[in-house]
Amino acid sequence: MGVALTARGNTLFLSGANEKVNQTLEVLEQLRNQAEKGVILGPHEIRYTLDVLTRGDENKTEEENFADTPIQITSRGKRIAPRTLGQKKYIEAIRDHVLTLGIGPAGTGKTYLAVTMAVSALQSKQVNRLVLTRPAVEAGEKLGFLPGDLQEKVDPYLRPLTDALFDILGTELYQRYMERRIIEIAPLAYMRGRTLEDSFIILDEAQNTTSEQMKMFLTRMGWGSKVVVTGDITQMDLPRGQASGLVDAAEVLQDVS
């Protein structure tokens with residue numbers, strides 16, 4: 001930013017052009033506010049805050065407050081809150097709609113935030129159970145050719161979902177919910193023929209569904225349920241020429257609100 005920072009004891013001295021110094025002070029103040037709210041500051045948070053506060057666009061005030069209210073506190077006391085304006089809008093969409101499509105590149109928090117919202121809905125008794133599913137097509141492998149029983153076959157495909165649940169709930173509560181069938185994690189193929197009521201349902205890696213699979217999945221939603229579909233349409237493992245159900249769903253539903 002063109003500002004020199006010098007630390008002397010507990011005092012930080014800034015030198016440079018007045019405009020740049022004022023911008024830097026605003027960035028430091030915002031970072032201090034986030035730290036006081038329990039946000040763990042890393043390179044991502046610092047870069048994002050710097051970008052937001054130096055752009056000077058119309059969303060600045062809204063973005064300054066995106067982390068004010070945590071969605072969930074993990075079993076280890078970690079505070080989960082949106083880190084970007086896009087994540088804030090994603091969370092609001094999930095909260096306000098029965099069906100949300102979360103489409104974006106890897107690393108943007110689509111799955112983790114969806115699981116967080118699902119756990120929050122379960123613990124606030126908005127739903128009675130969580131159903132998490134993925135199509136098992138990665139790397140072109142077929143479940144029938146993999147070693148082990150059903151659970152051992154599907155575990156590698158569903159690991160990102162279970163990792164998020166472990167992180168949020170902790171091992172003991174996760175195991176208790178699984179034993180009581182409050183949480184169900186299964187391949188997409190096992191959703192056929194079911195109607196899921198009073199459930200929070202997440203379909204992850206949906207770019208790897210066919211149009212028929214997507215239609216089958218969306219018609220599983222019953223009364224009192226909420227559905228989140230996530231995926232990255234730039235990373236599809238479908239056979240060449242096979243249309244993605246996520247792309248089709250996004251096109252069909254784009255004018256539905």
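This is a predicted model: local features need pLDDT of at least 70, side-chain atom pairs count only at pLDDT 80 or more; totals for chains, interfaces and linings use all residues.

Biologist: How many helices and strands does the protein chain have?

Modeller: Helices (H or I, at least four residues) and strands (E, at least two) are DSSP runs, numbered from the N terminus. The protein chain has 9 helices and 9 strands.

Biologist: What share of the residues is buried?

Modeller: Buried means under 20% relative accessible area, exposed over 50%, and partly exposed in between, with a 1.4 Å probe and protein chains only. Of the 257 residues in the protein chain, 42% are buried. Accessible areas come from the Shrake-Rupley method with a 1.4 Å probe, and for residues only the protein chains shown count as cover. The accessible surface of the protein chain is about 14300 Å², with 51% of it belonging to carbon and sulfur atoms.

Biologist: Which residues does threonine 100 touch?

Modeller: A contact means heavy atoms within 4.5 Å. Threonine 100 lies in strand 5 (residues 99-103), and it counts as buried because its relative accessibility is 6%. Not counting residues up to four places away in sequence, threonine 100 touches Tyr90, Ala93, Ile94, Val227, Val228 and Val229. For the protein chain, 63% of the contacts with a separation of 6 or more are between residues 24 or more positions apart.

Biologist: Where is arginine 194 placed, and what is it in contact with?

Modeller: Arginine 194 is in the loop between strand 7 (183-187) and strand 8 (199-203). Its relative accessibility is 22%, so arginine 194 counts as partly exposed. Leaving aside neighbours within four places in sequence, arginine 194 is in contact with Arg129, Glu184 and Arg220. Its C-alpha atom is separated by 9.3 Å from that of phenylalanine 217, 23 residues apart along the chain.

Biologist: How is a pair of aromatic rings described?

Modeller: Such a pair is described by the distance of the centres and the angle of the planes. Rings of Phe, Tyr and Trp (its six-membered ring) pair if their centres lie within 6.5 Å; planes under 30 degrees apart count as stacked, over 60 as edge-to-face and the rest as tilted. By this rule there is 1 aromatic pair. Phenylalanine 166 and tyrosine 174 form a tilted pair, at 4.4 Å centre to centre and 45° between the planes. Phenylalanine 166 is partly exposed because its relative accessibility is 26%, whereas tyrosine 174 is buried because its relative accessible area is 6%.

Biologist: Which residues other than glycine have a positive phi?

Modeller: Most residues other than glycine have a negative phi. Lysine 125, not a glycine, has a positive phi of about 65°. Lysine 125 lies in the loop between helix 5 (110-123) and strand 6 (129-134), and its relative accessible area of 74% is why it counts as exposed. Glutamate 205 also has a positive phi, near 55°. Glutamate 205 is found in the loop between strand 8 and helix 8 (211-218), and at 22% relative accessibility it counts as partly exposed.

Definitions and conventions:
Residues are numbered from 1 along each chain as its sequence is written. Side-chain values use heavy atoms; hydrogens and water are left out.
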